[in-house]
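The sequence and the structure are shown first.

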Amino acid sequence: MEVLDNMYQHCDNHEITVGIYLDLKKASDSVNHSILLQKMAIYGGRGTVLKWFESYLSNRKQYTVLPDYESGLHSITCGVPQGSVLGPLLFSIYVNNIQNAMSNAKIKLFADDTNLFFHNCDPAQLFARANTCLPQLSEWFSVNRLS
């Protein structure tokens, strides 16, 4: 509702809106543990709490079972546990600073969906702003090892 309200408001001001919708590839599976723990420290996670999260993320293993097959045990070196209570929270912490990647875009995040919105009366300026932000966003995804 907030997105639609914002778009209507800009439309009332005779502005054009461009929306860019991105879906992260294997988002929860791609979270880098070291980067996540660094971000948690920046947000104030310290001492025992940060060590608890480090322990929670490390030394995890998985395997697959099918009717006639069982795989070997494999170590998980990145990603947040899906289906857990903490998984979505940890992913949100991981992508929370994406807003800092660009100076002139309105970003809306929902799970692994990233939506950017640009508004302007002049189509040339609008597309220039969008095209300036996309490389900045691409750099943020690269630094954070997301695609």
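Predicted model: local features only at pLDDT ≥ 70, side-chain atom pairs only at ≥ 80, totals over all residues.

## Overall form

The protein chain has 6 helices and 7 strands. Read from the N terminus, the elements follow the order α-β-α-α-α-β-β-β-β-α-β-β-α.

The radius of gyration of the protein chain is 19 Å, whereas a compact globule of 147 residues would have a value near 15 Å. Along the principal axes, the C-alpha atoms fill a box of roughly 60 × 45 × 30 Å.

## Contacts and surface

Of the contacts between residues at least 6 apart in sequence, 66% join residues at least 24 apart. Buried residues account for 35% of the 147 residues. The accessible surface is about 9,600 Å², and carbon and sulfur atoms contribute 55% of that surface.

## The S6-S7 hairpin

Strand S6 spans residues 106-110 and strand S7 residues 113-120; the two pair in the antiparallel sense over 5 bridges. Leu109 has Thr114 in S7 as its bridge partner. The hairpin has 2 residues between the strands, and Ala111 takes a positive phi near 55 degrees.

## Cysteines

A disulfide is a covalent bond between the sulfur atoms of two cysteines. With a cut-off of 2.5 Å between the sulfur atoms, the count comes to 0 disulfides. Cys133 is in no disulfide, and the nearest cysteine sulfur, that of Cys121, is 18 Å away.

Cys133 is buried, at 0% relative accessibility. Cys78 is partly exposed, with a relative accessible area of 31%.

How values were computed. Residues numbered from 1 in each chain as written. Heavy atoms only, no water. Pairing = 2+ DSSP bridges. Helix = DSSP H or I, 4+ residues; strand = E, 2+ residues; numbered from the N terminus. Buried < 20%, exposed > 50% of the residue type's maximum accessible area, 1.4 Å probe, protein only. Rg over C-alpha atoms; globule rule 2.2 N^0.38 Å. Contact = heavy atoms within 4.5 Å. Areas by Shrake-Rupley, 256 points an atom, 1.4 Å probe, with all protein chains shown as cover.
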